[in-house]
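Here is a friendly walk through one model, taken a few places at a time. Keep the structure open beside the text as you read.

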Amino acid sequence: MKNNTNFYNPLMEMMPRKELEKLQLNNLKRQLQYVYQNSEFYHQKFNQAKIKPQDIKAQNDLDKIPVTTREEIQQKIKETKDPHGGRLCQTRNEPLIAFSPEFPPEGEPIYLVINYKDAQFAVETLTRQLVMIGVNKNDRILHMSWSWNPINSFLSPVYNNYTNQSVGDILNCTILHTEEVGPDAPRALFTSKFFKPSTVIAPHLALLGVKMEAEKQKIPITSLGYKIIVFRDRKTLPKAEDKKTAQKEWEARTQSMLDIQDNLFYAMDCPQHKGLHVWEDMYLVEATDPQTGKTLPLGNTGKLTITNLFAEAVPLIRYQTTIDCKIETETCPCGRTHARIIPTDY
Ligand SMILES: [Zn+2]
């Protein structure tokens, strides 16, 4: 019998695979219909590949749909002069929120747009993950990131005007924000000294900044009380070596988080460190051949490719990232049945 305290949605997180795969396939079929009807970008893409959503009857059919890449979206934005390159689906009469991309952007900027429902799904994803790694009610979480990063909105009660509930509301946690850039290291250090957050979510460089500042001020970093450090380097993953060093120096457990902003995609490893859990009721992940975009058999290394099964505003289907990984679907020792991403350097 598994200890249920580290599960936010135990029925879903431990759903038998057969049931989970059925649910995922249903969600996939619904999402393909939706994008075909509402996204100009995907309507054209399906037509060019001479496929209809109903041609995807099983997960093995998925690679009939060509992969989507960042460069392709950027090219479309350039061609169409539409900031979304024809991807935006406006199916609800409600306001949308567009998040500024990182600045300076790498090439044509890609704006993430969300509606209320998208925000709620993102909150569910992150709540499951934080409970999974041992965040408890009333904990303090320090999040180092630039202010308008979407994840702030999902974590923090301050911004919850368009999510019914943020992660902070659900877990009754105090969410502390500081910037992730160098000049804000003294503030992150001061905040840590003052509040003693048990969990820190930060890019590796931001953490190094706090460490250097602490050395300057002759404060032992272990006195800050970090228990869990979540490495969150957008679009990429922390190096195994960096995590090992941080564990030793901070005397804290480290976790890896993957945040692919263009796709509202979040994955994180559990304390068993058997790869990054993906919630398969919300996402479908594949390792794909970098040249052909074909799905590789489970356990083979390829490019992480993500299909978002819930997003309504700018859904992405078979979004091929540059991350090398393999996918495993064996039940994790933590009891979760959902797939895990095993990055090449993990
Ligand atoms: Zn696990």
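## Two loop residues with positive phi

Lys196 sits in the loop between H8 and strand S5 (199–202); helices (H or I, at least four residues) and strands (E, at least two) are DSSP runs, numbered from the N terminus. Phi of Lys196 is near 50 degrees, a positive value in a residue that is not glycine. Most residues other than glycine have a negative phi. Lys196 is partly exposed, at a relative accessible area of 42%, where buried means under 20% relative accessible area, exposed over 50%, and partly exposed in between (1.4 Å probe, protein chains only).

Leu264 also has a positive phi, of about 50 degrees, without being a glycine. Leu264 belongs to the loop between strand S7 (253–260) and strand S8 (265–269). Leu264 is buried, with a relative accessible area of 2%.

## How to read the values

This is a predicted model, in which local features need pLDDT of at least 70 and side-chain atom pairs count only at pLDDT 80 or more, while totals for chains, interfaces and linings use all residues. Residues are numbered from 1 along each chain as its sequence is written, and side-chain values use heavy atoms, with hydrogens and water left out.

## Helices H8 and H9

Helix H8 (residues 185–195) packs against helix H9 (residues 204–216) at an angle of about 75 degrees, and their axes are 8 Å apart. Axes are lines fitted to C-alpha atoms, for helices over the stretch in contact, with angles running from 0 to 180 degrees between N-to-C directions. H8 is therefore roughly perpendicular to H9 (angles under 35 degrees count as roughly parallel, over 145 as roughly antiparallel, 65 to 115 as roughly perpendicular and the rest as oblique). From H8, the contact (heavy atoms within 4.5 Å) is made by Ala185, Pro186, Ala188 and Leu189, and from H9 by Gly209, Val210, Glu213 and Ala214. These residues divide into six nonpolar, one polar and one charged; Ala, Val, Leu, Ile, Met, Phe, Trp, Tyr, Cys and Pro count as nonpolar, Asp, Glu, Lys and Arg as charged, and the others, Gly among them, as polar.

Let's stay with Ala188 of helix H8. Ala188 counts as buried, at 1% relative accessibility. Not counting residues up to four places away in sequence, Ala188 touches Leu142, Met144, Thr178 and Val210. Ala188 and Leu142 are 46 residues apart along the chain, and their C-alpha atoms are separated by 8.3 Å.

## Helices H2 and H3

The axes of helix H2 (residues 17–38) and helix H3 (residues 40–48) come within 6 Å and cross at roughly 105 degrees. H2 and H3 are therefore roughly perpendicular to each other. Leu32, Val35, Tyr36 and Asn38 in H2 meet Glu40, Tyr42, His43, Phe46 and Asn47 in H3. This contact has five nonpolar residues, three polar and one charged.

## The zinc site

Which residues hold the zinc ion? Cys270 (SG), His277 (NE2), Cys332 (SG) and Cys334 (SG) coordinate the zinc ion at 2.2 to 2.3 Å. Donors are N, O and S atoms within 2.8 Å of the metal (3.2 Å for Na, K and Ca); water is not among the atoms, so sites may look incomplete. Along the chain, the donors follow the spacing C-x6-H-x54-C-x1-C. Both Cys270 and His277 are buried.

The four donor atoms subtend angles of 102 to 116 degrees around the zinc ion, so the arrangement is tetrahedral (four donors count as tetrahedral if all angles lie between 85 and 135 degrees).

Definitions and conventions: Tetrahedral: all angles 85-135°; square planar, octahedral: opposite > 155°, others 65-115°.
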